[in-house]
Amino acid sequence: MIPLSLEEIAVVVGGTVAGGGSVTVTAPAALDGRKAEPGGLFVAFAGEYADGHDFVDQAARAGAAAVLGTRPTSLPTVVVQDAREALQRLAKHVVDRLRPGLTVVGVTGSQGKTGTKDLIAAVLSSAAPTVATAGSLNNELGVPLTMLRADAETRFLVLEMGARHVGDIAALTDLVAPDVAVVLNVGRAHLGEFGSRGAIAKTKAELVQGLAPGGTAVLNADDPRVAAMHTLTDGPLLTFGRAEHADVQVLYLVLDRLGRPSFTVRTADARAVVTLPLIGAHQSLNAAAAVTAGLAAGVPLEAATKALATASLSKWRMELRGLAGGATLLNDSYNANPDSTRAALDALAAIEAARRIAVLGEMRELGPSTETEHRAIGRYAAHRADIILAVGAPAHPIATAAGPRALTLPDNDAALAWLREHLAAGDVVLVKASRGGRLDEVAAALV
């Protein structure tokens, strides 16, 4: 974060200073007192279940210099009526100060946002100092927190942008208009919230509509709903995909024994080979999106593909770990929807193994199609795994549709007990569910 005195912050956010306006904030903002940084700003929200103002002493012990909140605290505080609005106004001020020397890349899609954001960050950081969203902090709070991590040295700011309702991404682009807008796909994540894939497409398109003047749209040529978004911008356009007409085309994809992809990317005037240290054929399209975003931001093809060779993903996303006894864990437990679960099952099927075991939990926010989608995943899993464990009552339709290959287990404890009893050397076990299923706890216990 660029250094700002509390008096400056108060002017920006329309607040008042209590307890020391001469204090200067020199480090980023945090919402969790335990994660406050020395010299940083602790943002205190009074929520339904907890009041951040009660944790100011915790933030002080971690080194926070000041607080942004709705009442005075034991630390110097900028007092405002609405802490969320103030956080956003401060973030916008910081990024506006850093432009035009700062290029902002926005990333959205129904699945693959976080992994692709990680790959874009790897490409851009090979060229210049880059700040990117940590994990999946992609909402109205996470985006401004990431923006506030940018400073005078930052040249690229990569922002993952998520949504649960029409208008959510438009609100984020009002906060920070991207210079490069990357749209990956329109799938079925949060279908219960949106009601239709058409509404999801409309929301993802808000990223393109929110481009800064002269900004570049980077679109998936293989997804018709995404490709159609080219009509929403008069600015530069680049496409990626397996389609022959894509500006960055994926060719000659092969997988090694662990399911790691190698492929060629072709542009109008060059080709380069990419070998990813990641699991799953679907990562090739995510990597192509990252290469295309890099080209839009001025990173040459050769530099981009070289950076991808050592890229890594955020935790609980296609993590391959050896287990005691010779089995292997494929931990993709961060979240799940029908499309990402199919991709994970494809990755499992591509790995050489004595047995392939899929531990699948509930996929949430699917609305009226919940049972239908779970049954479809069961049928899909039956052709890609030797054993399917459907964990929890909401996942029971998976087992019903998967047939004799499947077992229904009541909870995570039962799943862990089964795995500990039955896992053998050479087995590969995939763990995949929505966050509410907490299958990451099963993965952690196995490790």
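Good morning. A residue is called buried when its relative accessible area is under 20%. With that term in hand, I turn to this structure, which is a predicted model.

Let us begin with helix α12, which covers residues 338–350. Its 13 residues extend 19 Å from the first C-alpha to the last, close to the 18 Å expected at 1.5 Å a residue. In α12, the buried residues are Pro338, Asp339, Ser340, Thr341, Arg342, Ala343, Ala344, Leu345, Ala347 and Leu348. Because 10 of its 13 residues are buried, α12 is largely enclosed by the rest of the structure. What do the buried residues of α12 pack against? Their partners are the strands β18 (328–331), β19 (356–360) and β22 (428–432), together with helix α13 (370–382). At the N-terminal end, Asn337 caps the helix, with a side-chain oxygen 3.0 Å from the backbone nitrogen of Asp339.

I turn next to the nonpolar cores. The largest contains 54 residues, and Val13, Leu68, Leu90 and Met147 have the most contacts inside it. Helix α3 (residues 83–98) gives the most to this core, with 8 residues. Domain 1 (4–81) and domain 2 (102–309) each supply at least three residues to this core. As for Leu90, its contacts beyond four places in sequence include Met1, Leu41 and Leu148. A second, separate core has 39 residues, among them Phe240 and Val265.

Finally, consider Thr173, in helix α6 (residues 168–175). Is Thr173 buried or exposed? Its relative accessibility is 7%, so Thr173 counts as buried. The Thr173 side chain reaches the backbone oxygen of Ala170 at 3.0 Å.

Thank you.

Notes: Residues numbered from 1 in each chain as written. Predicted model: local features only at pLDDT ≥ 70, side-chain atom pairs only at ≥ 80, totals over all residues. Heavy atoms only, no water. Helix = DSSP H or I, 4+ residues; strand = E, 2+ residues; numbered from the N terminus. Buried < 20%, exposed > 50% of the residue type's maximum accessible area, 1.4 Å probe, protein only. Polar contact = N/O pair within 3.5 Å; in protein donor to acceptor, adjacent residues only side chain to side chain. Core = buried A, V, L, I, M, F, W, Y, C linked by side-chain atoms within 4.5 Å. Domains from an automatic or database assignment. Contact = heavy atoms within 4.5 Å. Expected span 1.5 Å × (residues − 1).
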